Amino acid sequence: MTMFRLPMTIWGMFITAILQAFALPVLTAAGFMQILDRMVGTGFFVPEGLVVNNSVAASGGGQPLLWQHLFWFYSHPAVYIMILPAMGMVSDMISCFARKPLFGYKPMVYSISGIAGLGFIVWGHHMFVSGMNPILGMTFMVATMMIALPSAVKVFNWLGTIWGGRLYFTTPMLFSLSFVSMFIIGGLSGIFMAATPVDIFIHDTYFIVAHFHYVLFAGTAMAVFGAIYFWFPKMFGRMMNDQLGKVHFFLTFLFLNGTFYLMHILGARGFPRRLADPYDYETFSNLQPMNQFMTICAIGMVATQVIFAANFIYSMFWGPTVGRNPWRANGLEWTAPSPPGHGNFDFQPIVYRGPYEYGSPEVDTDYYPQTQPPPEGVEHPGKSE
């Protein structure tokens, strides 16, 4: 098992672990600094002359903006901490149910790495309205637009994998395809916020809420739902009900778009993310019907998850039993028992190839597991890959 024989799910989690290792300590340090400010009286974030309880704070000279910088230095990579594993899982599911090798495996790996690297230098786009130097703002703007490139590579490769494939529209595949489409919408709306002049207008409006939820709910959560349906047989040795899964998918897809799509329109009209006083809604009374419709859809979206929970719990105990590889997938985990015992494998696996060898001319079946030896007379590539 070499690095370039790993499935994309493992690559996504590996890069995510690197992000966590480098980004989280910054937030941890910021948290300690804030505790010291509040409990000990230090002045990391306390400005000079701050009045607290009718008296001037004992120490000062700090910068409140420093907290924002430290917070967002972690919290923008945190977005990729959530979505990179989802990208990996979707890659595995789309390849399996398109019955085709993953298009551009190595570019997919490099694009995940590129997203992670660029994710560390774009945090300032959360602070365009903080009085940032225009030159620095332009730097963050260009870096943010650059991060769209590796994301576009991934979308292109997912579409290339689907193109000409023999598609099976199982529940995991439906969730995976919705991830791709919703991620495109979320990514396109993100380009508006990358441009400093546009962001100054839409900052702190519902447009931001729409973008965030299209990426991290319509994107990540849909991928995670699909992954649960996909790997459920391996975890429990039983299959979830596919018909109920499709009902869960279609209702979730319908309600989430009803909830979040209209937020783009509200944000473009200037509707703010937060209203401190309920009477402020009177200023936007003409937008009330859209807000009411979104609320109804949000309630429907939450209620739909009862179907998923019932399907999950019922299938754990009474779902139809399956063998090791019900999806006819190539990944190494599908050669282990379902559910795996202690040590996962009941044999010593030997890996001969990558995880996406669907439609290989070397075998008669449309899948070619990583542990299956090559046919007589065919030399396997060894460890050179």
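**Close-up views of the predicted model**

**View 1. Arg328 lies in the segment that follows helix H10 (288-318).** Helices are DSSP runs of H or I with at least four residues, numbered from the N terminus. The model is predicted, so that local features need pLDDT of at least 70 and side-chain atom pairs count only at pLDDT 80 or more, whereas totals for chains, interfaces and linings use all residues. Residues are numbered from 1 along each chain as its sequence is written, and side-chain values use heavy atoms, without hydrogens and water. Although Arg328 is not a glycine, its phi is positive, at about 55 degrees. Arg328 is partly exposed, with a relative accessible area of 32% (buried means under 20%, exposed over 50%, partly exposed in between; 1.4 Å probe, protein chains only).

**View 2. Asp204 occupies the loop between helix H7 (196-202) and H8.** Phi of this non-glycine residue, Asp204, is positive, near 65 degrees. Asp204 is partly exposed, its relative accessible area being 35%.

**View 3. A cis peptide bond joins Ser338 to Pro339.** Its omega is near -5 degrees. Pro339 is placed in the segment after helix H10 (288-318). Most peptide bonds are trans.

**View 4. Helix H3 (residues 105-118) has buried residues that pack against helix H1 (8-39), H2 and H5.** Contact here means heavy atoms within 4.5 Å. The buried residues of H3 are Tyr105, Met108, Val109, Ser111, Ile112, Ile115 and Ala116. They lie on the same side of H3 because they cover an arc of only 165 degrees around the axis, taken from the directions from the helix axis to the C-beta atoms.

Notes. Helices (H or I, at least four residues) and strands (E, at least two) are DSSP runs, numbered from the N terminus. The expected span of a helix is 1.5 Å times one less than its number of residues.
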